[in-house]
Amino acid sequence: MLQVAGRDRLLTTVVACLAGLALTLTLAGCQLVGSEPAKREEDMTPIAAQIQSELAAEPEVTAAKVIYQNNLNAPGLVSVSVTAKAGAEVDRLADVAGKLVWQSRLTPVSSISIGVADPADPARGQARDYNLVSGDDKARLEQKWGPRPVK
């Protein structure tokens, strides 16, 4: 009876140690995986700001916002929001935004989301979403604007 109790205690200790080791390795892995995208996201901020400045300089634009994210929740996501002047060519502005992102050095980019709003006539707004991981979006954009300058 004494031997069985000792064996159970030993087994419990070994299982607890293995569980603790697995948890430690998992947390360390998350830390390592999370640190590189965060650094990359930080490195891409000036490029996103440049795209935002170029969009804001368009004569028909009253405001522009470009957000680049590269983390576990939003890997390689570029979000562009443009507010146009009343009556502006929203389709052209959506093309300008897409081209600026496509031809930029932002990397990695897995999806691009563009919204162009005309506050005077919300029905005229444009929304475009490009999935560069699957589907035909990548091939269409390469045909339209050439290859991306980065892989």
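This text walks through a predicted model of one protein chain, from its overall layout to single residues.

The chain has 151 residues, and buried residues make up 29% of them. Its secondary structure comes to 3 helices and 4 strands. Read from the N terminus, these elements follow the order α-β-β-α-β-β-α.

Is Ala84 buried or exposed? Its relative accessibility is 2%, so Ala84 counts as buried, the limit for that class being under 20%. Ala84 and Pro119 are 35 residues apart in sequence, yet their C-alpha atoms are 7.4 Å apart in space.

Ala120 is placed in the loop between β3 and β4 (126-131). Ala120 counts as exposed because its relative accessibility is 58%, and exposed means over 50%.

Strand β4 contains Asp129. Asp129 has a relative accessibility of 58% and therefore counts as exposed. Along the chain, Asp129 and Ser111 are 18 residues apart, while 7.2 Å separates their C-alpha atoms.

Now turn to the loop between α2 (90-102) and β3 (111-117), where Pro108 lies. The peptide bond that joins Thr107 and Pro108 is cis, with omega at about -5°. Ser110 is found in the loop between α2 and β3 as well. Why does Ser110 count as buried? Its relative accessible area is 16%, and buried means under 20%, so Ser110 falls in that class. Ser110 and Lys138 are 28 residues apart along the chain, and the distance between their C-alpha atoms is 9.5 Å.

Several residues already named return in the largest pocket. Rolling a probe the size of a water molecule over the atoms shows where empty space is left. In this model, the largest pocket contains about 210 Å³ of space. Which residues line the largest pocket? Both partners of the cis bond, Thr107 and Pro108, are among the lining residues, as is Lys138. The lining also includes Trp102, Val109, Leu132, Glu142, Pro147, Arg148, Val150 and Lys151. Sorted by class, the lining has 6 nonpolar, 1 polar and 4 charged residues.

Two of the lining residues, Trp102 and Arg148, also form a contact. Arg148 lies over the face of Trp102, at 5.8 Å from the ring centre. Pairs of aromatic rings are another matter. Such a pair is described by the distance of the centres and the angle of the planes. How many aromatic pairs does the model have when ring centres must lie within 6.5 Å? By this rule the count is 0.

Notes
Residues numbered from 1 in each chain as written. Predicted model: local features only at pLDDT ≥ 70, side-chain atom pairs only at ≥ 80, totals over all residues. Heavy atoms only, no water. Phe/Tyr/Trp six-rings, centres within 6.5 Å; stacked < 30°, edge-to-face > 60°. Lys NZ or Arg CZ within 6 Å of the ring centre and 35° of its normal. Helix = DSSP H or I, 4+ residues; strand = E, 2+ residues; numbered from the N terminus. 1 Å grid on protein atoms, 1.4 Å probe; cavity = no way out; pocket = protein on both sides within 12 Å on 5 of 7 lines; lining within 4 Å. Points joined across faces, edges and corners; volume = space filled by probe spheres on them. Nonpolar A, V, L, I, M, F, W, Y, C, P; charged D, E, K, R; others polar. Buried < 20%, exposed > 50% of the residue type's maximum accessible area, 1.4 Å probe, protein only.
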